[in-house]
Amino acid sequence: MSPYCLHVGGVEMELRQNLSDNLKVLRQAREATLEGFSLDIGISRSTLQEIEAGKANATLDTVDTIAAHLGVSPLDLLSAGTETPQQIRTILNTMEQFSRLTPEKQELAIKHFQALMAIIGGGEP
């Protein structure tokens with residue numbers, strides 16, 4: 001077993017690569033530069049670049065700080081992701097638009113979304 005893998009229920013998870021992939025996708029989706037993001041989270045640009053390239057290990061504190069600044073959980077950062085930067089940008093833009101709605105319009109949007117998900121088989125109305 002690699003020192004950078006975690007075995008859970010017989011499934012090997014490549015934590016360093018997952019962190020690398022997810023960090024890069026999420027940072028780029030937010031259109032943040034390595035320099036700017038490294039300043040935001042308080043680590044050097046070179047360290048961030050090495051973590052993003054999968055060449056350096058991040059401490060748990062660093063993973064927690066990165067996750068908090070990206071608005072995701074540490075587990076999300078360490079899990080295998082499938083979203084592209086464009087998909088994430090679309091989700092972030094939609095969330096921003098949603099947050100500007102009145103509470104009444106938010107409730108209506110949620111009801112419509114739930115109905116849509118029920119139609120396409122992704123949830124209950």
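**What covers helix H4**

Author: Let us begin with H4: the cover over its buried residues includes H1, H2, H3 and helix H5 (74-78). Cover is a matter of contact (heavy atoms within 4.5 Å), and helices are DSSP runs of H or I with at least four residues, numbered from the N terminus, while strands are runs of E with at least two. This is a predicted model, in which local features need pLDDT of at least 70 and side-chain atom pairs need 80 or more, while totals for chains, interfaces and linings use all residues. Residues are numbered from 1 along each chain as its sequence is written, and side-chain values use heavy atoms, with hydrogens and water left out.

Reader: How many helices and strands are there, and in what pattern along the sequence?

Author: The chain has seven helices and two strands. Reading along the sequence gives β-β-α-α-α-α-α-α-α.

Reader: Which residues of H4 are buried, and what makes you say that they line one face?

Author: Thr62, Val63, Ile66, Ala67 and Leu70 are the buried residues of H4. Looking down the axis of H4, these buried residues fall within an arc of 135°, so they line one face of the helix. That arc is taken from the directions between the helix axis and the C-beta atoms. Leu60, Asp61 and Ala68 are exposed on the other side of H4. After H4 comes glycine 71, with a positive phi near 75°.

Reader: How many salt bridges does a search of the whole structure find?

Author: It finds three. Another one joins glutamate 35 and arginine 45, with their closest N and O atoms 4.0 Å apart. Glutamate 35 sits in helix H2 and arginine 45 in helix H3, 10 residues apart. Glutamate 35 has 41% relative accessibility and is partly exposed; arginine 45, at 35%, is partly exposed as well. Glutamate 96 and arginine 100 also form a bridge, with a closest N and O distance of 2.6 Å. Here glutamate 96 is partly exposed at 42%, whereas arginine 100 is exposed at 59%.

Reader: Which residues touch the most other members of the largest nonpolar core?

Author: Of its 18 residues, these are Leu23, Phe37, Leu48, Ile66, Leu70 and Leu77. Helix H1 (15-29), helix H2 (34-41), helix H3 (45-52) and helix H4 (60-70) each supply at least two residues of this core, and H1 gives the most, with five. As for the label, a nonpolar core is a set of buried Ala, Val, Leu, Ile, Met, Phe, Trp, Tyr and Cys residues joined through side-chain atoms within 4.5 Å. Leucine 48 touches Leu23, Leu34, Phe37, Ser38, Ile41 and Ile43, not counting residues up to four places away in sequence. In soluble globular proteins, nonpolar side chains tend to be buried together.

Reader: Which residues form the nonpolar patch on the surface?

Author: Phe113, Leu116, Ile119 and Ile120 form it, with about 460 Å² of accessible area together. Isoleucine 119 lies in helix H7 (residues 103-120) and is exposed, with a relative accessible area of 69%. Patch members need over 30% relative accessible area and no salt bridge, with nonpolar side chains (Val, Leu, Ile, Met, Phe, Trp, Tyr) joined within 5 Å and like charges within 9 Å.

Reader: How much of the chain counts as buried?

Author: Of its 125 residues, 22% do.

Key: Accessible areas come from the Shrake-Rupley method with a 1.4 Å probe; for residues, only the protein chains shown count as cover. A salt bridge is a side-chain nitrogen of Lys or Arg within 4 Å of a carboxyl oxygen of Asp or Glu. Buried means under 20% relative accessible area, exposed over 50%, partly exposed in between (1.4 Å probe, protein chains only).
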